Amino acid sequence: MRTVYLISYDITCPKRYRQIYKSMKGHGEPMQYSVFRCELSDMELQQLKDALWPVLNLDEDRVMIVDLGPIEGRGDDCIEFWGEPIVAVQPRTATII
């Protein structure tokens, strides 16, 4: 089962910030600077954590991971924007082949 996560981070070092941003781009879509919406399985979430932990300096940096629930649930309904998001979240559609 895939779950929607809202992941944000504060990284004090520009080099670590770029590394974290690059890792996050492979797992989700940026919604604001340092805020990503990710649709991940449990294994993919663990892979993301494994990619981030070696880069982080936990004395200076912070990461927040919010579980918004299953993709079919309220994941997108509980996000409210004021102003334009960096990337609009595309509505999910099914393709039957």
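Trainee: What should I know about the model before we start?

Mentor: It is a predicted model, in which local features need pLDDT of at least 70, side-chain atom pairs count only at pLDDT 80 or more, and totals for chains, interfaces and linings use all residues. Residues are numbered from 1 along each chain as its sequence is written, and side-chain values use heavy atoms, with hydrogens and water left out.

Trainee: How many helices and strands are in the chain?

Mentor: The chain has two helices and four strands, arranged along the sequence as β-α-β-β-α-β. Helices (H or I, at least four residues) and strands (E, at least two) are DSSP runs, numbered from the N terminus.

Trainee: Which way do β1 and β3 pair?

Mentor: They pair in the antiparallel sense over six bridges; two strands pair if DSSP finds at least two bridges between them. Within that pairing, leucine 6 has arginine 37 of β3 as its bridge partner.

Trainee: And how many bridges join β2 to β3?

Mentor: Three bridges join β2, residues 29-32, to β3, and these strands also run antiparallel. Proline 30 is bridged to phenylalanine 36 in β3. The two strands form a hairpin with two residues between them, and serine 34 in the turn has a positive phi of about 70°.

Trainee: Is β3 mostly covered or mostly open?

Mentor: β3 is mostly covered, with five of its six residues buried. Buried means under 20% relative accessible area, exposed over 50%, and partly exposed in between (1.4 Å probe, protein chains only). Over the chain, buried residues make up 32% of the 97 residues.

Trainee: Turning to α2, which of its residues are buried?

Mentor: In helix α2 (residues 42-52), the buried residues are Leu45, Leu48 and Leu52. They line one face of the helix, because they fall within an arc of 60° when seen down its axis; the arc is that of the directions from the helix axis to the C-beta atoms. Asp42 and Met43, on the other side, are exposed.

Trainee: What covers the buried residues there?

Mentor: The cover includes β1 (3-10), α1 (14-25), β3 (35-40) and β4 (62-70).

Trainee: Which residues touch the most other members of the largest nonpolar core?

Mentor: Of its 14 residues, Ile20 and Met24 touch the most other members. β1, α1, β3 and α2 each supply at least two residues of this core. A nonpolar core is a set of buried Ala, Val, Leu, Ile, Met, Phe, Trp, Tyr and Cys residues joined through side-chain atoms within 4.5 Å.

Trainee: What does methionine 24 touch?

Mentor: Not counting residues up to four places away in sequence, methionine 24 touches Ile7, Tyr9, Phe36, Cys38, Leu48 and Leu52. Contact means heavy atoms within 4.5 Å.

Trainee: A change of topic: where does UniProt place the feature "binding site"?

Mentor: The unreviewed UniProt entry places it at Asp10. UniProt positions are given in the numbering used here, feature names are shortened, and annotations may be inferred rather than shown by experiment. Aspartate 10 is in strand β1 and counts as partly exposed because its relative accessibility is 43%. Leaving out residues up to four places away in sequence, aspartate 10 touches Asp61 and Arg62.

Trainee: And serine 8, is that residue buried or exposed?

Mentor: Serine 8, also in strand β1, counts as buried because its relative accessibility is 18%. Its contacts, apart from neighbours within four places in sequence, are Ser34, Val35, Arg62, Val63 and Met64.
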